[in-house]
Amino acid sequence: MAGQLREYRRRIRSVQSTKKITRAMELIAASRIAKARARVAAARPYAEEITRVIEAVASQTTISHPLTTERPQPVRAAVVVITSDRGLAGGYSSNALRRANELIELLRSEGKEPELHVIGRKGVGYYRFRGRAISGEYTGFSEQPSYADAKSVGDALIASFVASGESGGVDEIHVVHTEYVSALTQTPVARRLLPMVLTETNEPPAGGPLPQYEFEPSAEAVLDALLPRYVESRLYAAMLESAASESAARQRAMKSATDNAEDLIRSYTRQANRARQDAITQEISEIVGGANALSSAS
Amino acid sequence: MPIRVAIVSPEQEVWSGDADMVVARTTDGDLGVLPGHVPLLGVLVPGGTVRVKTGGREISAQVDGGFISVTHQGVSILAETATLS
């Protein structure tokens, strides 16, 4: 009887210490969301400006540049998948990986051989376990990516994009990242980075019509210099957005873990109390029974 | 009539404000931008300095791997790294 009580108390203590951990992780994740969102906002002016400039250049020059021109016979496509380094983030990484697999299927059906570039330990582990070839893996910064991290990923991609599919490089670059819609909703999305998808509309873009630029030294040179910056800035934006989503997913997962721990503690406490009461009742009835036996014997 | 100038790096906006003149070194040579300049897009030399003259003051920034984009709305300096000096 007393053994049962001890067992319940032990379990309560164990759940309590788990709860402390999940609560701490929840709070850390919550503060990281805010930080990541602030960094997304800080990175926006640069990303917007560079996209606007490229659109302006592409819309008024007739030169064909790899940045904006579709290759006639694409044979290989790079797929960048952004996942997390650590688990305990609910379905965050597996959702991103599922979206990536859809994209890979689609690329295969179009006759393009996908080439994997994986960011985050979870994704690397996933593909390695399945014996898939990984062309590039980048880990250790999924929660707090810096521009230098985006650059290291971008360098490899640009080199293989410039080399083109026939000579072992790639003809297209796709990115799968997780968009932060709200604290409750994060959706994995797949986008094509290169060649650029230009929005061709007749409506004047926001902020007035695009000006007729002069180029220094030349339009080609400007586009050449813009290409890596564009890829890096888009990767950086995707990584930041994913970091915010990862933290949000982790916060939610840890919140439900903490709630579960509380429920468990409540039900164990109830059972422990009952066990204690049972033990007392039993003891009383034993004493009463013993006393009765003594008095009836005398 | 001042021009709106913004110096932005990928991680943050380094400086923004109104200026009377911007001087930057492109791969073709020094370029001075006064109000009313035609729209222009230039590649800046690596490790160059951008000077922004505003009122009596002059602000200079070390920029690396950057562009200058001049539009009717203002001037943007896009740099991979930019530090005010």
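The model is predicted, so local features need pLDDT of at least 70 and side-chain atom pairs count only at pLDDT 80 or more, while totals for chains, interfaces and linings use all residues. Residues are numbered from 1 along each chain as its sequence is written, and chains are lettered from A and ligands numbered from 1 in the order in which they are written.

The contact draws 23 residues from chain B and 22 residues from chain A, two residues being in contact if their C-beta atoms, placed from the backbone, lie within 7 Å. On the side of chain B that touches chain A, two or more residues each come from strands E1 (3-9), E2 (12-19), E5 (40-43) and E8 (75-84) of chain B. Helices (H or I, at least four residues) and strands (E, at least two) are DSSP runs, numbered from the N terminus. E5(B) gives the largest share of this side, four residues. By class, the side comprises 10 nonpolar, nine polar and four charged residues; Ala, Val, Leu, Ile, Met, Phe, Trp, Tyr, Cys and Pro count as nonpolar, Asp, Glu, Lys and Arg as charged, and the others, Gly among them, as polar.

Within chain B, E1(B) is antiparallel to E2(B) over seven bridges, with B:Ala6 opposite B:Ser16, and a hairpin of two residues joins E1(B) to E2(B). E1(B) runs parallel to E8(B), with four bridges, and B:Val8 stands opposite B:Leu78. Five of the seven residues of E1(B) are buried (20 or more other C-beta atoms within 10 Å of a residue's own; exposed, 12 or fewer; partly exposed, in between; C-beta atoms placed from the backbone).

In chain A, helix H2 (residues 92-109) has 18 residues and reaches 26 Å from its first C-alpha to its last, close to the 26 Å expected, which is 1.5 Å times one less than its number of residues. Its buried residues include A:Ala96, A:Leu103 and A:Leu107. The buried residues of H2(A) fall within an arc of 120° seen down its axis, so they line one face of the helix; the arc is that of the directions from the helix axis to the C-beta atoms. The face turned away from the buried side carries the exposed A:Glu105 and A:Ser109.

Note on methods
Pairing = 2+ DSSP bridges.
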